Structure formats: structure tokens, C-alpha cells
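Please find below a colleague's note on the model under review. The points are numbered so that each may be checked against the coordinates in turn.

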Amino acid sequence: MKKISLTLTSLALALTAGTAIANCDPGERVVKFSHVTGGTTHPKVVAANSLADRVNTEMNGKLCVEVFPNSTLFGDSKELEALLLGDVQLLAPSLSKFGSYTPKYGVFDLPFIFKDMDHAIRFTKTKEGKDLLLAMDEYAGFVGLGYWMSGMKYFSAGKQLTVPSDAEGLKFRVQTSDVSKAMISAMGASPQAMAFSEVYGALQTGVVDGQENTWSNIYTKKFYEVQDSTTETNHQLLAYLFMTSSEFLASLSTADRTQFLQIADEVTQAANLNVKAAEATNRANIIKAGGKVNTLTPAQRQEWVDTMSPVWKKFENDIGKDLIKAAAGA
Ligand code: SIN
């Protein structure tokens, strides 16, 4: 990767978009990393850019990673297909977006299954968690490289939500997860699955009344600007499958593959250590920017837990009782 000189304008644009700037040399193999998040403080942006920095320095002359954030290359609906077609080599989609491939990742979506992110990280290090990382490898072409945590999720809406009955009759944007859809229905609200890139506009125009996400997504996508407030429900995890294709891995020499996989693993470990701090920073950023955060008393929080707990039973057979037990008890 050559050092390049940037005009102030192009540097400012790149920083705003959270883009890792790479200028690949002619002999280098270009590796495209597409994702849907943005800003500079988002854990996925930080991890993807760190991967690019490390590969582009340590494998200089061989591989050159270019990061395309903010759905600028592929959005939610196209990225998995693009990976199989070889149009992109690296992705980190939310685990909630794999429902058409495997119901197993639904375990990560079960409401209140993880007390916090440390609990979720512990689960990913158990035998069941490690086996689950390979669930997509069953589908020819996909290879799971690691779990990247993003944060716990919170509900925002055009009105303050303190107890689940406040959400009755409202329409919430969700990812393409059957568990999330069932959870919203359990609140007496309507779920509407929608691509991440469309959420701000849908909240602004009233196509939906609310959404659920991490502090990092709510801040970097400015959802707080078009919502009354965000309630600290901590009801669900958002995590990603950092993944590649078997075709890409097979195309590398043994030495390059080993080095790339080592960097990918180290970046994954470091990324998961950074997440709690990134979430705290983005929560503070929302408040600084004028967004409202609504905290719950233990009794109010318990109402959310009670309302959503029937969802587990509904997905017990698809996900597997043992897997649910392993995650809950990790
Ligand atoms: C992401 O963090 O990758 C997107 C999450 C969402 O679709 O809500």
C-alpha cells in the first residue's frame, strides 16, 4: 500500500464516512470489506479499519484491504450474495440477519438471555458458542472468522417508553429476525423488517414509530434526532459474524492465509475489548447532542422481562433447548 497525499476535503470526507483509506499498489490483491455502519466511533467501523490498517501494513505488497462503510458498496439485502459472487471478500453482518440460512443464531436475539456483553462474550468462548461460529460454514462458500460484539439494544420511539404497554399499537423497525418480530408482537406493537440504511428516513417520515439498537448505532446514524427518547431496556444483544468466503481463503498461499487469519483473530479479540468503552462514549455523545435517555427502575425493567419471556418458548425447538441453556448459563 502506497502512502498517499490527500486533499483536506477528501480527508474530511473519508473521516466523516469512517472510511479506511487505502491506495493499493498494482501487484497487491485487493480485499473489499463492505459493511453498513458509519461514523468514527462505532465498534464495527473501528474494528474494520483496524483490520485494514494491520493487513495493509503487515502484508504490504500482498493484500490490500479497502473498507466500504455505510452500505456504500452493498446493503443488508445484497451483501451475503455479493460475498458468494466474489464481489466482496469480507463482511460483518448482524447475527440477526441470517434467519434464512440458520435458526440457530436466533439464540443471540432471545430477549434478556444475556445480562450484559461480558455474559455474551463468555458464551462465545464456550464449546457451544465456538461450534455456533461455524454454523454458516455448512453453506458452501461462507466462513465465520469471529464474533464481533456491538452492544446491548435499547428501544427508541416518538414517545417515551417506560413500560411495555407504552409501546402498544406502535410500529417498530426490526432486523430480519423472527425472534425480534415475535418480541415486538409480544409488546402489542407491530414489527416491520427494514434495511439498516432506511431506518433514519422511516423514523423521520413516520413510516415506523420506533426502533431498537445500540448506543453506537443510535448515535452514529442520528436516530436520536428523530425520536423522543431512548429507553435503557438492555433487552437484546447486537453482535456480528465477521466472515469471509472459502473461495477467498483458498486463493491465498498457505503462508498468507495463516498470517491473515492470525491478524483477523487478533483484531477480533481487540475489538471485543473496545466495545464497552465505545458504547459508553456513544451514550454520552447522544446526551451531549441533545438526545434524551430514559432509565428504568428495577420494577419497570421487570415488566419488560415478563412481557418478552414467552418468546423463548416459541423458538425453543428451532434454536434447540441445549443451546439456549448453554447461552443463558454461560
Ligand atoms: C449493524 O449494526 O450492522 C446494523 C444493525 C441494524 O440493522 O439495526
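Predicted model: local features only at pLDDT ≥ 70, side-chain atom pairs only at ≥ 80, totals over all residues.

1. Five strands form an open sheet in the order β2-β1-β3-β10-β4, and their pairing is mixed. Strands β2 (63-68) and β4 (142-152) are the edge strands, each pairing on one side only. Within the sheet, β3 (residues 90-91) and β10 (residues 237-245) run antiparallel and are joined by two bridges. In this pairing, Leu 90 stands opposite Thr 244 of β10.

2. Helices on the sheet. Helix α2 (residues 43-58) packs on the sheet and touches β1 (29-34), β2, β3, β4 and β10. The direction of α2 makes about 160° with that of β2. Helix α4 (residues 117-124) also packs on the sheet, where it touches β4 and β10. In the case of α4, the angle is taken with β4 and is about 165°.

3. Aromatic pairs. How many aromatic pairs does a search of the whole structure find? The search returns 16. One of the ring pairs is that of Phe 114 and Phe 123: the centres are 6.0 Å apart and the planes are at 35°, so the pair is tilted. Phe 114 is buried, with a relative accessible area of 3%, and Phe 123 is buried as well, at 0%.

4. A pair between two helices. The rings of Phe 248 and Phe 260 have centres 5.6 Å apart; their planes are at 85°, so this pair is edge-to-face. Because Phe 248 lies in helix α9 (residues 246-251) and Phe 260 in helix α10 (residues 254-288), the pair ties together parts that are 12 residues apart in sequence. Phe 248 counts as buried at 2% relative accessibility, and Phe 260 counts as buried at 0%.

5. The aromatic cluster. Which residues are linked into a cluster by ring pairs? They are Phe 98, Tyr 105, Phe 108, Phe 114, Phe 123 and Tyr 147. The cluster thus includes Phe 114 and Phe 123, the tilted pair of point 3.

6. A charge over a ring. The charged end of Lys 44 sits over the ring of Tyr 240, at 3.7 Å from the ring centre.

7. Asn 285. This residue lies in helix α10. Is Asn 285 buried or exposed? Asn 285 is buried, its relative accessible area being 13%. Once neighbours within four places in sequence are left aside, Asn 285 is in contact with Thr 41 and Tyr 219. The C-alpha atoms of Asn 285 and Phe 242 are separated by 26 Å, and these two residues are 43 residues apart along the chain.

8. Positive phi angles. Most residues other than glycine have a negative phi. Ser 71, in the loop between β2 and α3 (79-85), has a positive phi near 60°. Ser 71 counts as buried at 19% relative accessibility, because the cut-off for buried is under 20%. Lys 222 is not a glycine either, and its phi is positive at about 60°. Lys 222 is placed in the loop between α8 (215-220) and β9 (229-231), and at 41% relative accessibility it counts as partly exposed.

Note on methods
Residues numbered from 1 in each chain as written. Heavy atoms only, no water. Phe/Tyr/Trp six-rings, centres within 6.5 Å; stacked < 30°, edge-to-face > 60°. Buried < 20%, exposed > 50% of the residue type's maximum accessible area, 1.4 Å probe, protein only. Helix = DSSP H or I, 4+ residues; strand = E, 2+ residues; numbered from the N terminus. Lys NZ or Arg CZ within 6 Å of the ring centre and 35° of its normal. Pairing = 2+ DSSP bridges. Contact = heavy atoms within 4.5 Å. Axes fitted to C-alpha atoms, helices over the stretch in contact; angles between N-to-C directions.
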